[in-house]
Amino acid sequence: MLDAAFFRRWMTTAAASVSREAERLTALDSAIGDADHGSNLQRGFTAVAAALEKEAPDTPGGVLTLAGRQLISTVGGASGPLYGTLLRRTGKALGDAPEVGEEELAAALRAGVDGVMALGGAAPGDKTMIDALVPAVDALGTGFGAARAAAEEGALATTPLQARKGRASYLGERSIGHQDPGATSSALLIAALADTAEAER
Amino acid sequence: MSGEKLVGIVLVSHSAEVAASVAELAKGLAGGATAVPVAPAGGTEGGGLGTSAELISAAAASVDRGAGVAVLTDLGSAVLTVKALLAEGDELPDGTRLVDAPFVEGAVAAVVTSAAGADLDAVEAAAAEAYSYRKV
């Protein structure tokens with residue numbers, strides 16, 4: 001079973017990973033976006049880590065809803081409301097349970113991803129974070145390692161796609177040949193989840 | 001027509017200057033509609049380009065007179081942030097609505113309509129109708 005401490009470690013692991021990879025995310029975003037994805041997410045996840053340290057919610061749902069709230073208010077770009085909605089919807093789906101199982105987490109994450117699709121209007125194949133998150137949630141039933149592999153594969157598979165959502169979609173065919181920054185950061189978030197789970201064992 | 005309480009207008013842009021200027025423009029073109037509560041929420045809190053949930057919440061609270069608040073946005077994260085705040089339920093005043101309208105033309109239409117004492121539905125309809133003003 002996964003408790004609040006597990007979810008806090010997931011978020012701090014994600015914050016460290018985003019900080020480490022911020023330059024790469026911004027470089028990817030400079031090719032097809034507005035070159036702020038890494039710095040925006042770094043600011044957001046730094047605020048998440050600080051808020052969790054200060055408030056330390058005692059349920060998995062509480063950790064993720066607080067983290068999502070921080071992202072909505074601090075990121076400053078579209079990834080803020082999108083990742084914020086992902087974590088808040090996931091957290092709300094987990095409710096007040098002090099511990100949750102892997103199957104409950106998979107179902108809750110699916111609700112979170114559905115929330116992101118409803119907010120942004122993106123579907124699989126649009127070259128967005130959805131292209132990493134949907135395969136990850138599909139694979140989560142098999143295990144955390146499978147989810148990480150599926151998310152990374154999904155992020156890499158955005159390269160030949162033409163963007164149909166967000167600022168990159170203005171580029172039309174010129175968006176082809178670049179890996180999507182949002183799918184890349186989504187893969188980092190899922191990898192942080194798998195790292196956290198593997199460190200437990 | 002409510003007559004007394006005017007619908008509040010919030011203008012959300014990636015740029016603080018754009019939001020503030022469009023607010024001035026809309027009030028000016030509305031014949032100096034000084035009574036209409038209009039608040040810009042532009043850029044990030046640090047003064048950069050982007051969207052600030054805190055500035056949006058504060059702007060909406062500042063223009064809420066109890067007749068509803070119409071929020072107009074430019075694009076991308078401005079739209080998504082307002083939608084996410086509305087989904088939260090308790091971040092924006094009751095009766096706050098994201099209005100689907102062109103930013104500049106919609107702002108002018110919204111302010112003019114609010115100044116006439118119209119309700120939120122009418123303000124929303126006027127702002128949305130601005131999409132149909134063809135220029136060529």
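A:Val116 counts as buried because it has 27 C-beta neighbours inside 10 Å. Buried here takes 20 or more other C-beta atoms within 10 Å of the residue's own, exposed takes 12 or fewer, and partly exposed is in between, with C-beta atoms placed from the backbone. This is a predicted model, in which local features need pLDDT of at least 70 and side-chain atom pairs count only at pLDDT 80 or more, while totals for chains, interfaces and linings use all residues. Residues are numbered from 1 along each chain as its sequence is written, and chains are lettered from A and ligands numbered from 1 in the order in which they are written.

Back to the valine. A:Val116 sits in helix H5 of chain A. Helices are DSSP runs of H or I with at least four residues, strands are runs of E with at least two, and both are numbered from the N terminus. Which residues does A:Val116 touch, leaving out those up to four places away in sequence? They are A:Leu82, A:Thr85, A:Leu86, A:Met129 and A:Ile130. A contact means that the C-beta atoms of two residues, placed from the backbone, lie within 7 Å. A:Gly84 is 32 residues from A:Val116 along the chain, and their C-alpha atoms are separated by 8.9 Å.

Now chain A as a whole. It has 8 helices and 2 strands, and from the N terminus the order is β-α-α-α-α-β-α-α-α-α. Of its 201 residues, 61% are buried. Along the principal axes, the C-alpha trace of chain A spans about 50 × 35 × 30 Å. Take the contacts in chain A between residues at least 6 apart in sequence: 63% of them join residues at least 24 apart.

One helix pair in chain A deserves a look. At what angle do helix H7 (residues 144-156) and helix H8 (residues 181-200) of chain A cross? The angle is roughly 165 degrees, and the axes come within 8 Å. So H7(A) is roughly antiparallel to H8(A). Axes are lines fitted to C-alpha atoms, for helices over the stretch in contact, and angles run from 0 to 180 degrees between N-to-C directions. Under 35 degrees counts as roughly parallel, over 145 as roughly antiparallel, 65 to 115 as roughly perpendicular, and the rest as oblique. The crossing of H7(A) and H8(A) is left-handed; a crossing is left-handed if the near helix is turned anticlockwise from the far one by less than a right angle, and right-handed if clockwise. By class, this contact of H7(A) with H8(A) has 11 nonpolar, 4 polar and 3 charged residues. Nonpolar covers Ala, Val, Leu, Ile, Met, Phe, Trp, Tyr, Cys and Pro, charged covers Asp, Glu, Lys and Arg, and the others, Gly among them, are polar.

Next, chain B. It has 5 helices and 4 strands, in the order β-α-β-α-β-α-β-α-α from the N terminus. Its radius of gyration is 13 Å, close to the 14 Å that the globule rule gives for 136 residues, so chain B is as compact as a globular protein of that length. Its C-alpha atoms fill a box of roughly 40 × 35 × 25 Å along the principal axes. Buried residues make up 53% of the 136 in chain B.

Chain B has a helix pair as well. Helix H4 (residues 103-115) and helix H5 (residues 120-129) of chain B pack at about 150 degrees, their axes 8 Å apart. That makes H4(B) roughly antiparallel to H5(B). H4(B) passes H5(B) in a right-handed crossing. Residues of H4(B) in this contact include B:Gly106 and B:Ala109, and those of H5(B) include B:Ala122 and B:Val123.

A loop residue next: B:Gly48 lies between strand S2 (38-42) and helix H2 (53-63) of chain B. With 13 C-beta neighbours inside 10 Å, B:Gly48 counts as partly exposed.

Technical notes. The radius of gyration is taken over C-alpha atoms; the globule rule is 2.2 Å times the number of residues to the power 0.38.
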